[in-house]
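Here's a quick tour for anyone meeting this structure for the first time. Have a look at the sequence and the model, then read on.

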Amino acid sequence: MVDAGLLTELCERYDITFKNPALLDEAFTHSSYANEHQNLGIHDNERLEFLGDAVLELTVSDYLYNKYPDLPEGKLTRMRAEIVQTRSFSAFAKEANFDKYIKLGRGEEKSGARQRATLLEDLFEAFNGALYLDQGKAAVVKFLSQTVFPKIDSGVFLTFMDHKTHLQEYLQQNGAVDIAYNLLDESGAANQRQFTVAVTVNGELLGQGSGSSKKSAEQAAAAQALQKLHVAD
C-alpha cells in the first residue's frame with residue numbers, strides 16, 4: 001500500500017499521479033522490508049533501481065548535451081559523473097522527502113538506514129525507473145526539470161571539475177604510478193581554515209594548491225599539476 005502522504009506530496013509538489021500505484025509502492029520498498037514480509041509476495045526496488053540508473057544517465061546526458069553545446073566530451077563526461085553519483089542523488093532524494101516514505105525492515109530502520117546515502121541514491125533511481133515505466137521519458141524529464149536540472153542551470157556542476165580524477169587518468173594511461181596528496185600546512189581560525197596540499201607522483205612534486213578544505217586544496221594541487229603537464233582540463 002502506497003503511503004497517502006507520498007501520493008499527496010508527489011501530486012502537490014510535482015504534479016505526478018501514478019497510473020499504476022503498484023510501481024510506486026515497489027520503488028519505495030527496500031529489500032529488507034520485502035524479506036521480512038515474504039508472505040505478502042511484494043517486490044523490492046532493485047530492478048527498478050537498475051532501470052532508473054540507465055534512464056537518469058540518458059536524460060541527464062541529453063540535457064547536458066543540449067545545454068552546453070560548446071563543452072568537449074571530456075568535460076561533459078566529468079560533469080555527468082558528478083551529477084549521477086551517490087552524493088548528488090541522495091541529496092535530491094532528501095529534498096523530495098523520499099526518505100520519509102521508504103519501507104525498511106526493522107533491522108535497517110534501527111541502524112539508521114533511512115539516512116544512508118547509498119540507500120537514498122538507490123531510491124531516487126528506483127523512483128525514476130518506476131516513473132519511466134508508468135508514464136514514459138517525458139514524465140521523467142518533467143520531474144528532473146523540477147529537481148535536478150535547476151541545479152545544473154545554477155552552475156553548481158559546471159564549476160566543479162574533478163581535476164584529481166583527470167590527473168589520475170592521464171598519469172596512469174600507460175600503467176600504475178604512485179600518486180600521493182600530502183598536507184603541507186593548515187592555518188586560520190576555526191571558521192576560516194586554509195589548507196595547503198602538495199601532490200607527488202612517484203615521490204616527485206608535481207603540484208601544490210590551497211583551499212578552505214583538504215578536498216578543495218587537493219583539487220587545486222591536481223589542477224596545478226595538470227597545468228605543469230600541459231594537459232587540457
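N97 sits in the loop between helix 6 and helix 7 (106–110); helices here are DSSP runs of H or I with at least four residues, strands are E runs of at least two, and both are numbered from the N terminus. N97 isn't a glycine, yet its phi is positive, at about 65°. With 25% relative accessibility, N97 counts as partly exposed, where buried means under 20% relative accessible area, exposed means over 50% and partly exposed is in between (1.4 Å probe, protein chains only).

Before going further, note that this is a predicted model, in which local features need pLDDT of at least 70 and side-chain atom pairs count only at pLDDT 80 or more, while totals for chains, interfaces and linings use all residues. Residues are numbered from 1 along each chain as its sequence is written, and side-chain values use heavy atoms, with hydrogens and water left out.

**The chain as a whole**

- The secondary structure comes to twelve helices and three strands.
- Taken along the principal axes, the C-alpha atoms fill a box of roughly 60 × 45 × 40 Å.
- The chain has 233 residues, and 42% of them count as buried.
- Take the contacts (heavy atoms within 4.5 Å) with a separation of 6 or more: 55% of them are between residues 24 or more positions apart.

**The nonpolar cores**

- A nonpolar core is a set of buried Ala, Val, Leu, Ile, Met, Phe, Trp, Tyr and Cys residues joined through side-chain atoms within 4.5 Å.
- The largest one has 45 residues, and L10, F18, F28, F98, F124, F127 and F143 are the ones touching the most other members.
- Several elements give two or more residues to this core, including helix 1 (4–14), helix 2 (21–27), helix 4 (46–67) and helix 9 (137–147).
- Helix 8 is the top contributor to this core, with eight residues.
- Leaving out residues up to four places away in sequence, F28 touches L6, F98, Y101, I102, K103, L123 and F127.

- As a rule, two packed helices are described by the angle between their axes and the distance between the axes.
- Axes here are lines fitted to C-alpha atoms, for helices over the stretch in contact, and angles run from 0 to 180 degrees between N-to-C directions.
- Helix 8 and helix 9 have axes that come within 7 Å and cross at roughly 140°.
- That makes helix 8 oblique to helix 9; under 35 degrees counts as roughly parallel, over 145 as roughly antiparallel, 65 to 115 as roughly perpendicular and the rest as oblique.
- Among the residues making this contact are F124, F127 and L131 of helix 8 and V140, F143 and L144 of helix 9.
- By type, the contact of helix 8 with helix 9 has eight nonpolar, three polar and one charged residue (Ala, Val, Leu, Ile, Met, Phe, Trp, Tyr, Cys and Pro count as nonpolar, Asp, Glu, Lys and Arg as charged, and the others, Gly among them, as polar).
- Helix 4 and helix 8 also have axes that come within 7 Å, crossing at roughly 80°, so these two are roughly perpendicular to each other.
- Their contact includes L48, L51 and V55 of helix 4 and F124, A126 and L133 of helix 8.

- The three strands form an open sheet in the order 1-2-3, with antiparallel pairing; two strands pair if DSSP finds at least two bridges between them.
- Strand 1 (179–187) and strand 3 (204–211) are the edges, each pairing on one side only.
- Ignoring direction, neighbouring strands are turned by 20° against each other on average.
- Strand 1 pairs with strand 2 (residues 194–201) over eight bridges, and N182 stands opposite A198 in strand 2.
- Helix 11 (residues 163–171) packs on the sheet, touching strand 1, strand 2 and strand 3, and its direction makes about 145° with that of strand 1.
- Helix 12 (residues 214–228) packs on the sheet too, touching strand 1, strand 2 and strand 3, at about 135° to the direction of strand 3.

**The hairpin**

- Strand 2 and strand 3 pair in the antiparallel sense over seven bridges, with E204 in strand 3 as the bridge partner of V201.
- This hairpin has two residues between the strands, and N202 takes a positive phi near 50° there.
- N202 isn't a glycine either, and at 55% relative accessibility N202 counts as exposed.
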